[in-house]
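Keep the viewer open as you read.

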Amino acid sequence: IHDEIDVPTRINLPSGAMYQIVGTINHYGPSANSGHYTTAIYNNKKNKFYLCNDETITEIGTLDVDDLPRKVYLIIYQRQ
C-alpha cells in the first residue's frame with residue numbers, strides 16, 4: 001500500500017503529553033520485500049538529524065517533512 005498519510009513532527013495529546021519525532025525508518029522500492037531501507041535519527045546533543053544509509057552517515061540537519069509521507073515506513077516518537 002502506498003497511501004500517503006499526514007505525519008506530524010509533534011503530537012500533543014489531550015492529557016498534555018507531547019511527543020516529537022526522533023527517528024524514522026524509510027523505504028524506497030515497490031514492496032516491503034524489495035527495495036532499500038534507510039533511517040534518519042536525531043542526535044539531541046547536536047540538535048540535528050543524521051541519515052544512515054548502509055555504510056554512510058550524513059548530517060541532514062532537519063527532516064524534510066514534505067517528503068515523509070512518501071518514504072516513511074516507521075516513525076519513532078519520544079515523549080518530551
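Two aromatic rings, from Phe, Tyr or the six-membered ring of Trp, count as a pair if their centres lie within 6.5 Å. Planes under 30 degrees apart make a pair stacked, planes over 60 make it edge-to-face, and the rest are tilted. The model here is predicted. By this rule, it holds two aromatic pairs.

Start with Tyr37 and Tyr73. Their ring centres are 5.4 Å apart and their planes meet at 80°, so this pair is edge-to-face. The pair links distant parts of the chain. Tyr37 sits in strand β3, Tyr73 sits in strand β6, and 36 residues separate them. Now the other pair, Tyr42 and Phe49. Here the centres are 5.0 Å apart and the planes stand at 50°, so the pair is tilted. How exposed or buried are its two members? Tyr42 has a relative accessible area of 27%, so it is partly exposed. Phe49 has 8%, so it is buried; the cut-off for buried is under 20%.

Step back to the whole chain. From the N terminus, the order is β-β-β-β-β-α-β. Along the principal axes, the C-alpha atoms fill a box of roughly 40 × 30 × 20 Å. The chain has 80 residues, and 20% of them are buried. Take the contacts with a separation of 6 or more: 43% of them join residues 24 or more positions apart. The accessible surface is about 5,900 Å². Carbon and sulfur atoms hold 50% of that surface.

Which residues make up the largest nonpolar core? There are six: Val7, Ile21, Ala40, Phe49, Leu63 and Leu68. Phe49 is thus a member of this core as well as a partner of Tyr42 in the tilted pair. Look at Leu63 in detail. Set aside residues up to four places away in sequence, and Leu63 touches Ile21, Thr24, Ala40, Phe49 and Leu68. Among these, Ile21, Ala40, Phe49 and Leu68 belong to the core.

Ile76 lies in strand β6. Ile76 and Val22 are 54 residues apart in sequence. In space, their C-alpha atoms are 5.8 Å apart. At a relative accessible area of 32%, Ile76 is partly exposed.

Ile76 is part of a nonpolar patch with Tyr37, Tyr73 and Leu74. The patch covers about 370 Å². Which element gives the largest share? Strand β6 does, with three residues. Tyr37 comes from strand β3.

Charge comes next. The structure holds one salt bridge. Glu59 pairs with Lys48, and their closest N and O atoms are 3.3 Å apart. Glu59 lies in strand β5 and Lys48 in strand β4, so the bridge ties together parts that are eleven residues apart in sequence.

Finish with the backbone. Most residues other than glycine have a negative phi. Two residues here are worth a look against that background. Asn47 has a positive phi of about 60°, although it is not a glycine. Asn47 is in the loop between β3, residues 34–43, and β4, residues 48–53. Its relative accessible area is 54%, so Asn47 is exposed. Asp54 is the other case. Its phi is near 55°, again positive in a residue other than glycine. Asp54 is in the loop between β4 and β5, which spans residues 56–61. With 67% relative accessibility, Asp54 counts as exposed; the cut-off for exposed is over 50%.

Terms used. Residues numbered from 1 in each chain as written. Predicted model: local features only at pLDDT ≥ 70, side-chain atom pairs only at ≥ 80, totals over all residues. Heavy atoms only, no water. Helix = DSSP H or I, 4+ residues; strand = E, 2+ residues; numbered from the N terminus. Buried < 20%, exposed > 50% of the residue type's maximum accessible area, 1.4 Å probe, protein only. Core = buried A, V, L, I, M, F, W, Y, C linked by side-chain atoms within 4.5 Å. Contact = heavy atoms within 4.5 Å. Patch = residues over 30% accessible without salt bridge, like charges linked within 9 Å, V, L, I, M, F, W, Y side chains within 5 Å. Areas by Shrake-Rupley, 256 points an atom, 1.4 Å probe, with all protein chains shown as cover. Salt bridge = Lys/Arg side-chain N within 4 Å of Asp/Glu carboxyl O.
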